[in-house]
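Here's a protein model to explore together.

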Amino acid sequence: MDLKKVVQEIAKNSGGLENIQTVNHCATRLRIELNDESKYDRERLEEIEGVKGVFFTNGQLQLIFGSGLVQQVYNAYNAEFGNETVQGSEEVKKTKGNAAQRFVKMLSDIFVPIIPAIVAGGLLMGINNILTAKDIFFAGQSLIEAFPAIDGLANMVNIFANAPFVFLPVLIAFSATKRFGGNPYLGAALGMIMVHPDILNAYAVSNNPGIEIPVWNIFGLSISKIGYQGTVLPIVVMSFVLATIEKKLRKITPIYLDNLTTPLLSIFITAFLTFAVTGPILREAGNYLTLGLSWLYNSLGFIGAGIFGGVYAPIVITGMHHSFIAVETSLLADMTNTGGSFIFPIASMSNAAQGGAVLAVLFFTKNPKLKSLASASGISALLGITEPAMFGVNLRLKYPFYAALIGSAVSSAWLGFNHVLAIALGAAGLPGFLSIPYQKWFVFGIGLVLSIVISFVMTGYFYKTKDVENEK
């Protein structure tokens, strides 16, 4: 593939370089913000080599390339044209769309960059579970009990797995402060303050309700010394506060004092407000949000799970699924009360369903180009990357997408009926076993089979009863 030609065609058919505001990417999509949305040529963009789908949402032109290739295209674009606009600048913040779309895009901008770190930690956590859980390979024994020589390896993997979650506020604060136009390193410093080892660990408080909480006594004001491990909402909001204070100070501070006083005052004011005022309120709000979602899921049971599974793929189309990362992180951080995340297992069912539908297209179609696209994107979907399958095949043909929704709804209801929750994040699909307690592996496996088979069979039914590839 001639990547230079690809990016030149992208620029040309996006209305020219003068129409392109910024170019970013996520795991599978090249995301282009345009000055004039009416100037891009969708049909020409879809004909570019490597492009598996084109759509416009959340104020962005998004081109589906798939995992790995999108990074190469992004690098080629930067090498050819440069990409100087900094995320968080005044230009980027003028996001088009309604309030909900702007909010979702904000969350996406914050959490998408840190997904690799969270997924790596989640998968390592799954490996640690395999090493330490009893009865998987030996009756009454774990692997490290059967083979004591690997005990050190298990401890090492456990530390590697926990690190991204222990220092999650640092990751989020860095990304969020950058998104809000502040200095990301000041954001990282704020995150470090929020999980400083001299402050009582938030997990210790949730696991021991009666624990004595130390305080700072300042002019008669008692401020609790509790950290923010595993929290999301306080970090995002206070990163916004930090960025706002920093930008205001830089406008009014004399140049000769700016590099000294602006960082000092920004960090001190924001950190003080975090512990003294806003942090405790936002922590409680975040706790109520996660507990409320868990209560809703548990109250509706398998019916709620089925509904969520049926609408998960349409939510992915809008990009709103990125907002789930914040909720999942909170659910996993408070597993004592929540039991884990119900979102990840359902996402796995949805991804597997998209893969099953695409594999059915591969089986039934006579179109060589469609076969080629379906073979690669189907396997990708089963492994957790669904955009090439969803946008490149299923949505184009409509009926395979409907079949996948049915498969996802039924399999998600099955998981809800059996109370399957994830204890870590990872790749949502066949590798999802690593994020599920081993006691639920069999049930989870049945769910994957249901999802794939139902989607495959329903797609086959539509091929027999509808003109799938020609019907508009």
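Let's begin with Glu-46, which has 28% relative accessibility and so counts as partly exposed (buried means under 20% relative accessible area, exposed over 50%, and partly exposed in between, using a 1.4 Å probe and protein chains only). The side chains of Arg-42 and Glu-46 meet in a salt bridge, with 3.3 Å from N to O. By definition, a salt bridge needs a side-chain nitrogen of Lys or Arg within 4 Å of a carboxyl oxygen of Asp or Glu.

How are these two placed in helix H2? Arg-42 and Glu-46 are four residues apart there, so about one helical turn separates them. Helices (H or I, at least four residues) and strands (E, at least two) are DSSP runs, numbered from the N terminus.

What you're looking at is a predicted model, where local features need pLDDT of at least 70 and side-chain atom pairs count only at pLDDT 80 or more, while totals for chains, interfaces and linings use all residues. Residues are numbered from 1 along each chain as its sequence is written, and side-chain values use heavy atoms, with hydrogens and water left out.

pLDDT is the predictor's confidence in each residue, from 0 to 100. For this protein the mean pLDDT is 82, and 88% of the residues reach 70 or more. Watch out for residues 84–94, though: the pLDDT is below 50 there, and the stretch has 19 contacts in the model beyond near neighbours in sequence. A contact means heavy atoms within 4.5 Å. Where pLDDT is low, the predicted coordinates should not be read in detail.

How many salt bridges turn up in the count? There are three.

Together, Glu-246, Arg-250 and Asp-258 are linked in a network. Are its members buried or exposed? Glu-246 is buried at 5% relative accessible area, and Asp-258 is buried at 15%, whereas Arg-250 is partly exposed at 30%.

## Rings that pair up

Now for the aromatic side chains. Searching the whole structure gives 20 aromatic pairs. Rings of Phe, Tyr and Trp (its six-membered ring) pair if their centres lie within 6.5 Å; planes under 30 degrees apart count as stacked, over 60 as edge-to-face and the rest as tilted. Take Tyr-40 and Phe-56: their ring centres are 5.8 Å apart and their planes sit at 10°, so this pair is stacked. Tyr-40 is in the loop between strand S2 (29–34) and helix H2 (42–46), while Phe-56 is in strand S3 (residues 53–57), so the pair ties together parts that are 16 residues apart in sequence. Phe-56 is partly exposed, at 25% relative accessibility.

Phe-268 and Phe-272 are also stacked, because their ring centres are 6.2 Å apart with planes at 25°. Elsewhere, Phe-363, Phe-364, Phe-456 and Tyr-463 form one aromatic cluster.

## A tucked-away serine

Where is Ser-14 found? Look in the loop between helix H1 (3–13) and strand S1 (20–25). Ser-14 is buried, with 0% relative accessible area. Leaving out residues up to four places away in sequence, Ser-14 touches several residues, among them Ile-32, Leu-45, Leu-61 and Tyr-40.

Finally, check the surface around Phe-268, which is exposed at 55% relative accessible area. Phe-272 is partly exposed at 34%. Both belong to a nonpolar patch that also includes Trp-216, Phe-219 and Leu-264, with about 900 Å² of accessible area together for the whole patch. Patches are made of residues with over 30% relative accessible area and no salt bridge: like charges are joined within 9 Å, nonpolar side chains (Val, Leu, Ile, Met, Phe, Trp, Tyr) within 5 Å. The areas come from the Shrake-Rupley method with a 1.4 Å probe, and for residues only the protein chains shown count as cover.

Which element gives the largest share of the patch? That's H13, with five residues. Phe-219 lies in the loop between S5 and strand S6 (221–224), and is exposed at 87% relative accessibility.
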